[in-house]
Amino acid sequence: MQSIRYSFEDPRDRAEYRRPAHRPGVEIVEGRFVRLAFEAHTHQAFGLGIVHEGVERFRYRGADHLAAPGSIILMNPDELHAGRAECPQGWGYRMLYLEPGTLEEIVDEAGWSFRDVLVDGDLSTARLLGAQLQALWQSQDALELDGLLLQFLQTLRPHARCRPARKEAAPGRFAQVIDYMQAHMDEAIQLDDLAAVAGLSRFHFLRQFSAQYHVTPHKMLMALRLHAAKGWLAKGTPSAEVAVRAGLADQAHLTRAFTQRYGVAPARYQRQVAE
């Protein structure tokens, strides 16, 4: 994922932008500003995110707004806005910028817009969005990131005005998808690969798969990988070889992922079942 960090006059001011190479129309931003005041500007994209520290004062559609920690910000494309710190410690935020066409492809709904630019008092949703934005920021896996994008927009769906999505499902196609995951788990599987197996457009496949299994394709793939790893470990296969067979980055990745799912490190599990 391409990452760009900007420097400002005040060292406390910072902004870092990331763009997934495989998914045009997506930009993820983390920033904190104390001194810098943004002049009026606009984006040809939805600006969706949260303030997680300090307070921002921003102007949008001719009115001033104060965004404190836990505030959800929902900006429509091409809306002029400006912002600055409202308190001495400044403010920190995480944002996802999505071009309208990309958003519509992900959710399969046209005409998304937000009436309210600021949502206050919904701390549980703000915490969830914050965690999802952090996961998007950290993700280095294309399939995982696509699933996170859908989950993030589903979290915001109650605040959006839009036309309904198509009512269509193809559950019979997903057995082939699971077979494909198992046969290719040592490869870097992407959303387009799985959608092609199912014979669906990529984000339509993602929505339907997630609706049927209640997890994203990436989570299903990881479950299959770790289940297979468990079997190989039980047969005495060295951990480093298991990591490669399961399509994991390295042995450390195997250890983290295995422990998260089974509550025991791979080496310890292997010793236990060998006894």
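Tutor: The account below begins with the basis of the values and then turns to the aromatic side chains.

The model is predicted, so local features need pLDDT of at least 70 and side-chain atom pairs count only at pLDDT 80 or more, while totals for chains, interfaces and linings use all residues. Residues are numbered from 1 along each chain as its sequence is written, and side-chain values use heavy atoms, with hydrogens and water left out.

A search of the whole structure finds 14 aromatic pairs. Rings of Phe, Tyr and Trp (for Trp, the six-membered ring) pair if their centres lie within 6.5 Å; planes under 30 degrees apart count as stacked, over 60 as edge-to-face and the rest as tilted. For Phe33 and Phe38 the ring centres are 4.9 Å apart and the planes stand at 80°, so this pair is edge-to-face. Burial is judged by relative accessible area: buried means under 20%, exposed over 50% and partly exposed in between, with a 1.4 Å probe and protein chains only. Phe33, at 1% relative accessibility, counts as buried, whereas Phe38 is partly exposed, with a relative accessible area of 26%.

Phe38 also pairs with Trp91: the ring centres are 6.2 Å apart and the planes lie at 65°, so this pair is edge-to-face. It links distant parts of the chain, since Phe38 belongs to strand S4 (residues 38-41) and Trp91 to strand S10 (residues 91-98), 53 residues apart. Strands here are DSSP runs of E with at least two residues, and helices are runs of H or I with at least four; both are numbered from the N terminus. At 1% relative accessibility, Trp91 counts as buried. Ring pairs link Phe33, Phe38, Trp91 and Tyr93 into a cluster.

Aromatic rings also take part in contacts with charged side chains. A charge sits over a ring if NZ of Lys or CZ of Arg is within 6 Å of the ring centre and within 35 degrees of the ring normal. Lys230 lies over the face of Tyr262, at 5.4 Å from the ring centre. Likewise, the charged end of Arg245 sits over the ring of Trp232, 5.4 Å from its centre.

Among the buried residues of H6 are Phe203, Phe205 and Phe209. The buried residues of this helix pack against several others, including helix H3 (142-156) and helix H7 (217-234), where contact means heavy atoms within 4.5 Å. In H3, Phe152 is one of the buried residues.
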